Amino acid sequence: MKVLVIGGGAREHALCRSLSQDPSVTELHCAPGNAGIAGVATVHPVDQLDGAQVAELAVRLGTDLVVVGPEAPLVAGVADAVRAAGIPVFGPSGAAAQLEGSKAFAKDVMAGAGVPTARSYVCTTPEEAAAALDAFGAPYVVKDDGLAAGKGVVVTSDREAALAHAAACERVVIEEYLDGPEVSLFAITDGTTVLPLQPAQDFKRALDGDEGPNTGGMGAYSPLPWAPDGLVEEVLDTVLQPTVDELRRRGTEFSGLLYAGLALTSRGTRVIEFNARFGDPETQVVLARLRTPLAGVLLASATGALDQLEPLRWDEGAAVTVVIASEGYPAAPRTGDPIEGLAEAEADGTAFVLHAGTKADEDGRVLSAGGRVLSVTATGADLAEARDRAYAAVDRISLKGGQHRTDIALKAATA
């Protein structure tokens, strides 16, 4: 099987790493890729938002499967362009990707499907926003209606800060605050069958103790030893399957990866948000534990054959990812600094480094090229061992001004 992955972040590096280990994959390509992905796949310069460019590349390579990683190409309809060229695609249509592209659309779908979620108002004026904030009270939850790369949400007890975020967006969704721990649950679907993966938890805040601004994610771990028994089955029955069924009923069939961000509240499980693609950095730990070869699962989603798959196989151990970010992230990331110690971090075989914001210079050195630079991932018999291995690898990497959280999975590993 010839596979083309679209994207250039750590999520796509995780996908490429897993696909490169799949014996059925005879050729692996990625566009545009990054310095790390180039080690496991042939990279191609392409505008990942241009469906015609991506489809032309897929046809030229004789691709059997295209995997679209990031949300922006999905919302832009890149999967539609590739499907129109007759090539199977893992990823929803532009219309179905509005489940992530528009918070208001997602709320409407959840209402139609009877999915439990936070009460909310869609606001387009300062007056509407102020009224919604006062209706719910603090802490305030204000979400940009459009794509914001995981950073369009403000949760604050400062009413003025909440109003300012609302004013900076064309349209916002203001919600009641959901208490309780958060869980990320991915599911692969072909539009009918829904196949849940293992749950994970990510860390959105920039600093230890969940302080600092929201980011795209500073680390993750799986499994969740504290999660209630039967959680995956409950979410499949009350959230994932009803959502896929509702979209099909509307004529907007969703195939690809459906991501449910959940809050385990005092009143039961509630959906915080949907995404239309693998989450970053949760993908890094979920795929690290998946033992079933990945390509066949993604192809079954793309071709409507998920009901024919054997049950997925999982590593019984644990995985932890720690994100190394550049100085100034998330507000003003510094880039262009050399990264050293990458080989040393992987030397003992207990951890591996996935590249997010990197590029290679003319001399072959790896430089920082984004806010989140690396995802250092390790597996172990349990969370404590995986965590120790991940941080040992982080300590071997040098990036001027680099920053990372020191408490990823700490509470779960020591409970």
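Okay, let's start with a hole: α5 (98-101), α6 (103-113) and β17 (268-275) each supply at least two residues to the lining of the largest cavity. Helices here are DSSP runs of H or I, at least four residues, and strands are runs of E, at least two, numbered from the N terminus. A cavity is a set of points, on a 1 Å grid over the protein atoms alone, where a 1.4 Å probe fits but cannot get out, and lining residues have an atom within 4 Å of a point.

Quick caveat: this is a predicted model, where local features need pLDDT of at least 70, side-chain atom pairs count only at pLDDT 80 or more, and totals for chains, interfaces and linings use all residues. Residues are numbered from 1 along each chain as its sequence is written, and side-chain values use heavy atoms, leaving out hydrogens and water.

Back to our cavity. α6 gives the most to its lining, with 4 residues. The lining includes K103, K107 and F274.

Now, the core. Which residues have the most contacts inside the largest nonpolar core? They are L240, V320 and I397, in a core of 74 residues. Helix α9 (residues 231-249) brings the largest share, 8 residues. Apart from that core lies another, of 42 residues, L19 and V286 among them. By nonpolar core I mean buried Ala, Val, Leu, Ile, Met, Phe, Trp, Tyr and Cys residues joined through side-chain atoms within 4.5 Å; buried is under 20% relative accessible area, with a 1.4 Å probe and protein chains only.

Last stop, helix α11 (residues 294-303): its buried residues include L294, V297 and S301. After α11 comes G304, with a positive phi near 75°.

Technical notes:
Buried < 20%, exposed > 50% of the residue type's maximum accessible area, 1.4 Å probe, protein only. 1 Å grid on protein atoms, 1.4 Å probe; cavity = no way out; pocket = protein on both sides within 12 Å on 5 of 7 lines; lining within 4 Å.
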